Amino acid sequence: MKKSRLGEFEELVLLTVLVLKEEAYGTEIKRELESRIDQRLSVGSIQSALKRMEQKGFLTSAFGEATAKRGGKRKRIYSATTAAHTVLAEMKEIRTNLWNAIPNLKLGLQFV
Amino acid sequence: MSRSSNPRPPAWALRLLRFAIHRDYLEEIEGDMEEWFQDQLEDRTPKQARRAYAFEVFKLLRPNLMSSLSRLTNPDPSGFHLSNIKMAFRVFRLDKVYTAVNILGLSTAIAISLFVLLYVNFEFSYEKGLPYSDRMVRVTLDILEGETVTEQDCGTYPQVGPQLKEKYPEVERFTRAHPIRSLTIGVGDKYFPVPKAYGVDPDFFDLFHYPFLSGNRQNAFLAPGEAVLTESLAFKVFGTDDVVGKSIRLPQHKQNYEIVGLIEDSRENSHLSFEMLISFPSMKRDFNQSDETWNQCNLYTYLLLPEDISYSQFQGSLKNYNEFLLEEKLLEDERIISEMMSDIHLYSSKYYEPDENADYSSILFLLGVALLVILLANINYVNLSTAKSLDRAREVGIRKAIGSSPRQLRIQFFTEAFIINIFSALIAIFLLLIFEGPFKSVLGLPAQIRFYESLFFWAMLLGVVLFSTLAAGAFPAFFLSAFQPIAVLKGQFFRMGKGIMLRRSLVVFQFAITLLLLSQTLTSGEQVRYMLGQKLGFTTDQVIVVKTQNGRAGLEKQKLFRSALMQHSAIENVTFSNTMPGRSSLEISTTTGVGLVNAEKENNYNFYIYLTDYNFLNTLEMELLSGEAFYENRPNENLLLINEKTAELFGIADPKKAVGQMVNFWDEKMKIHGVVKDFHQSSLRSEILPIIFLPWRQHTDFAGIRLNEGNVEDQIDLIRKEYAEVYPDIAFDFFFLDEEYAKQYELDRRFQKISGLLTGFAILIACLGLYGLTTFTVAKRTKEIGVRKVLGASIGQINLMLSREFMRLILISFALSIPVTYFLIDRWLRSFAFRMDINPWLLVLPAVMILLIAFLTIFSKTLKVSKLNPVVSLRDE
């Protein structure tokens, strides 16, 4: 597998970036993802995932506005690249195909 | 929580964040963190939020978010880089003479100064290892005339220790140590001499910290007849360390002693060394030493002060004690004083010191010389690097032009100095390992000291390297980094005479120091030679002295021994006495309160007492100025001889008038029978002693035997044979009088050897520097030399031209140095009671020697260049 792959957590962060569109910066991503998976996340884990994906070419970023709440520091707004869209679509397809390939699952569940 | 109160995240966490996070990410992440922190404040207390913030910062410390490691090790972008080292090595490779001269000079200098530091450290380590060393005090005796101290005596009276302890809470414990010289012990039919033994109190083992290796400390040394051996004596006598419970014989005292304990050998760095200890009560029983006497002050007294008592408090009680002694009429014209135990070795030099102590000022002198040697090597470095500044000016200019700060340049020059020093230190360690043995013997250090095991050594090494780096690197660093890039790059620098004056004055300084050291070495050598060559007042060669400590019944045996020896033609004369010239004045008993019967006022001088037979002056070839020697076959009742010095102290100007005068000697009246010409009892460092000769009545310690010409080996065998006949149970022990006498100069000789060695290296280092400078100058002037030769200059002229500059500097340095040197040598000589006059050649000879060596150094370099074919030198670029 030569192609750069996404980890599970990275995939979640990437999807959140897509959801938030222009509002996709560190703290907002964290807030959004935390509410969706109902789990606390550290700033470090989010930032680390963002930087990794930026290096892999799934994200680009640019400085945004600065607010007083941020102590005058600018936000960095992330946006997904085409490569990210492609990989996400690929992964979704692989998952769908795999789900479809499990015909006995419902049967199995019945025995429970 | 309202915003207005404005709680901040913890400052340290923020600092950590700013320090650790990669600069590109910092603004974003710091902002995110701030926003998150503000969110936290919505539903948490500020305290919780702050804690959470700090925790969050730690979770941010991930490799892909942090600064690169290289930035961490290099927090300051204008600081040290690895490339500094690379540059340094390029500089070293470029000029091998420069590098070699520096490393050679510095490594010898470092090695030398480390040796000296080790020696100094050893001298300073005396008594420092003792558990109570900072609370221990030795009390000694000052002999007074009015309020002036005429003499200081290490010995005190036996009751001083016990009384002080009993009377004053400022004294916790005490021990006395009564020296016993030249003891013989016997086991079976074998006899062993014990040169140094002491009779001590039980507390000695605690205070001097000699725990028993075997044997029971409890109740030891309370009764007479007990002995403790050191390990090496135990092995020598018994061949084993299992000696406790065994007994030894003291044939001189006809007693058996039980060995109650075994201890380690006495420490090398203690002022009190010994082979054996015996219990203090034995002194009274077997050695005729009263415990109560206030007439004999033959023993050393050490006190332990309690922890909460200061030394000055104790001195207060000592003053009080002295008043008590005066009131009780126990002391008169004497005062008991104290000194700290740890000061004894370096500062105390009184009469009857147990061992010879070190001289603080000569230790400081050595330390100073070591420092000078290091400085000389550093001067080489400074001189060579400023000389090379022409070469490096362009480099500095370019570096500055492309943005190097003066600070970066300085770091570069310090790096170079540091690397040179590190290399030199490594070589110095090799030198130390190679020359360890010879150096230790020259310095008189115990062989078992391993310098590389001590932390002190490595700390000193580091210290020396850092000092030397700073001393050597500072000048080039500040001088070279200050160049103006535009001037330098335009080539204007080349006409500037920067640094030349400094270089000249440093060369002058180096050679001034060299001359001083060489003169001092020559002077001390000459002084020792002068002292050895002086007429001593007796003749030492051909005299063998046999120790005859043979108990109370020895008188008859001594007569027997003499008559046995006198049968042989090899032996010219035999005499018996209680001491010999050249023996330390320690061994001779002294007395005060002796004076002419019709003296106007009583004197308080201390006189030394010789017990001799009729033959003494004859055998040692001492001269009699007036009167007669003791009679051989008539009783010498109430007769005594004095020497010139004593006559002088008695107030008798003419020796002839002394004969027949009456002297109050203790309770007797005695008649002066003759006056002996002054002689040197000890080395010429000391004054002539005032001596009174009393006729020999009982056994004495020494038999002086003057030999006729002949084979000395055979003569000794002969004496040994006769000795064994007369004294079958006592070890035969002898010495040559001239060797014994020369022993006194051992310290002087050692000092001379050390300073000679240091001087040799100082000259070497100075010449190395000169060589480096000449190499440099010659290289710069190769083309000029070529032109001069083409125009007809001779080789001689060119050599003269090249060496003239340095020779002039050396002559200037001599002119400056000679007055200082003269002054210092003169001061040094004043420490001798008998000294030679300062000869001009003591200054001229070193000057000529240095000039010659310097000239050869320069010549070796210039000759090559001046002989070079101009075709070659003109092509030089």
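Surface patches are made of residues with over 30% relative accessible area and no salt bridge, with like charges joined within 9 Å and nonpolar side chains (Val, Leu, Ile, Met, Phe, Trp, Tyr) within 5 Å. Lys and Arg count as positive and Asp and Glu as negative, while His and the chain ends are not counted. The place of a charge is NZ of Lys, CZ of Arg, CG of Asp or CD of Glu. Accessible areas come from the Shrake-Rupley method with a 1.4 Å probe, and for residues only the protein chains shown count as cover.

The model is predicted; local features need pLDDT of at least 70, side-chain atom pairs count only at pLDDT 80 or more, and totals for chains, interfaces and linings use all residues. Residues are numbered from 1 along each chain as its sequence is written, chains are lettered from A and ligands numbered from 1 in the order in which they are written, and side-chain values use heavy atoms, without hydrogens and water.

A patch of positive charge on the surface gathers K86(B), R90(B), R93(B) and K96(B). Helix α5 of chain B (residues 82-94) gives the largest share, three residues. Helices (H or I, at least four residues) and strands (E, at least two) are DSSP runs, numbered from the N terminus. K86(B) sits in helix α5 of chain B. Its relative accessible area is 53%, so K86(B) is exposed. Exposed means over 50%, buried under 20%, and partly exposed in between (1.4 Å probe, protein chains only).

Side chains of opposite charge can pair when their charged atoms come close. A salt bridge is a side-chain nitrogen of Lys or Arg within 4 Å of a carboxyl oxygen of Asp or Glu. Over all chains, the structure holds 40 salt bridges.

One of them links E34(A) and K30(A), with the closest N and O atoms 3.0 Å apart. Both residues are buried. They lie four residues apart in helix α2 of chain A (residues 26-37), so about one helical turn separates them.

R138(B) pairs with E353(B), the closest N and O atoms being 3.1 Å apart. R138(B) lies in strand β1 (residues 136-145) of chain B, and E353(B) in the loop between α12 (344-347) and α13 (360-387) of chain B, so the bridge ties together parts 215 residues apart in sequence. Both R138(B) and E353(B) are buried.

E526(B) and R529(B) also meet in a salt bridge (2.4 Å, N to O). E526(B) is buried at 18% relative accessibility, whereas R529(B) is exposed at 56%. Salt bridges that share partners also join E28(A), R31(A), K69(A), R70(A), D32(B), E35(B) and D39(B) into one network.
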